[in-house]
Amino acid sequence: MAESTDARTAACGLTLSGWEGWLEAHGEPRFRAKQITDWVFKKRVDDFDAMTNLPPELRENLASEFSLVPLEIIRVNGSADTTRKFLFRLEPDGRLIETVLIPASQALYGEKSDRLTLCVSSQVGCAFDCKFCASGLAGFTRNLSAGEIVAQVLLAEMEAGERINNLVFMGMGEPLANLKNLTAAIRILNADWGVTLGARHMTVSTSGLAPQIEKLADEPLQIRLAISLHGATDEVRQRIMPVNERYDLERLFSALRVWREKKKQKITFEYILIEGVNDGLDQAKILARRANQLRAKVNLIPYNIVEGLEWKRPTEEVCESFLEVLKRAGVQATLRRERGHDIDAACGQLRLQEETAAGVIAVK
Ligand code: SAH
């Protein structure tokens with residue numbers, strides 16, 4: 001898979017020990033690492049020249065090798081429900097990604113105390129080709145670097161004028177297909193010298209890459225895991241998620257048991273309800289059994305219409321009776337209330353875009 005093509009490394013993509021290594025290699029004392037991370041993550045200066053406790057030659061060196069924040073906001077769309085969608089241009093190659101800022105809501109991700117949630121992207125495009133999702137329509141372009149992931153948070157906080165207290169890796173891309181950069185970004189976001197976001201307030205969502213789930217389970221941080229399940233049997237899941245051919249439900253669930261064993265925490269199943277595809281009560285019953293096996297929570301999401309795709313959202317009654325089956329079986333389940341639908345910022349509506357002389361266009 002293509003690596004990021006950073007021309008200059010992003011300063012916000014380096015860990016404290018990464019800085020120590022760089023400084024050592026450049027004949028500088030290691031204690032400067034903490035000074036640099038303070039400028040980058042605490043004071044958030046926009047110019048290396050503002051790093052006044054560093055010697056001028058070092059500042060110059062840094063400026064020639066690093067960019068501070070490798071993204072630029074080119075558009076902000078506000079939504080009636082106050083969800084905001086940012087369109088960012090990536091510095092090295094001008095590609096575009098989207099990040100969605102979602103203010104407090106009771107039941108969005110099942111956590112009552114959320115105040116400000118950011119939905120971040122992990123790749124440009126997506127290679128997994130889920131049949132219902134806009135993000136994969138134009139295929140995969142590249143991984144985001146750790147700095148590009150962290151910078152989405154820094155810039156969104158600047159725009160919002162307040163701290164983000166909940167992060168979901170549910171934007172464009174498959175985070176677990178970019179595991180190395182994802183884990184570096186999570187460490188930076190979590191660290192005391194970094195963005196200081198609690199690991200329990202970060203949720204990684206995956207289409208089900210079983211081996212990578214097992215690898216991520218070895219990370220010491222207590223980040224949360226959400227699985228895009230969308231089908232309770234292989235037959236139904238396969239129809240809409242080609243990844244199921246590579247890792248079927250049995251393989252996926254064995255990885256989830258590893259996760260539970262190591263993390264001792266609840267997993268969330270995301271389940272989009274698509275009319276006539278996976279919304280039957282037979283699926284609900286099997287889903288309930290599977291959720292109970294793992295003591296997982298279920299987050300039901302009525303399908304968000306994607307232009308160019310045929311899938312439809314079931315009626316409210318169908319969604320409610322699906323939910324009822326889960327609840328009656330003792331599963332902790334919620335039906336998600338809509339956010340950002342009117343600005344195409346809802347789940348699955350983030351699509352690959354390109355900038356042209358005429359403006360920004362959707363690629364497909
Ligand atoms: N690739 C990861 C991260 C993307 S998360 C994953 O699959 O989990 C985006 C979430 O939105 C996933 O649960 C995805 O299945 C869901 N989604 C995609 N298209 C959607 C749509 N049209 N309506 C509602 N949810 C959708």
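The model is predicted: local features need pLDDT of at least 70, side-chain atom pairs count only at pLDDT 80 or more, and totals for chains, interfaces and linings use all residues. Residues are numbered from 1 along each chain as its sequence is written, and side-chain values use heavy atoms, without hydrogens and water.

**Confidence**
- The average pLDDT (the predictor's confidence in each residue, from 0 to 100) of the protein chain is 91, and 91% of the residues score at least 70.
- Residues 1-6 have a pLDDT below 50.

**Helices H4 and H5**
- Helices (H or I, at least four residues) and strands (E, at least two) are DSSP runs, numbered from the N terminus.
- The axes (lines fitted to C-alpha atoms, for helices over the stretch in contact, with angles from 0 to 180 degrees between N-to-C directions) of H4 (residues 146-160) and H5 (residues 179-190) come within 8 Å and cross at roughly 40°.
- In contact (heavy atoms within 4.5 Å) are Ala146, Ile149, Val150 and Val153 of H4 with residues of H5 including Leu182 and Ile188.

**The sheet**
- An open sheet of 10 strands has the order E3-E4-E5-E6-E9-E10-E11-E12-E13-E14, with mixed pairing; two strands pair if DSSP finds at least two bridges between them.
- E3 (71-78) and E14 (333-335) are the edges; each has a single partner strand, so one side of each lacks a neighbour in the sheet.
- The twist from one strand to the next averages 20°.
- E9 (residues 166-169) and E10 (residues 202-206) run parallel, joined by 3 bridges.
- Phe169 is opposite Val204 in E10.
- H5 lies across E9 and E10, at about 165° to E10.
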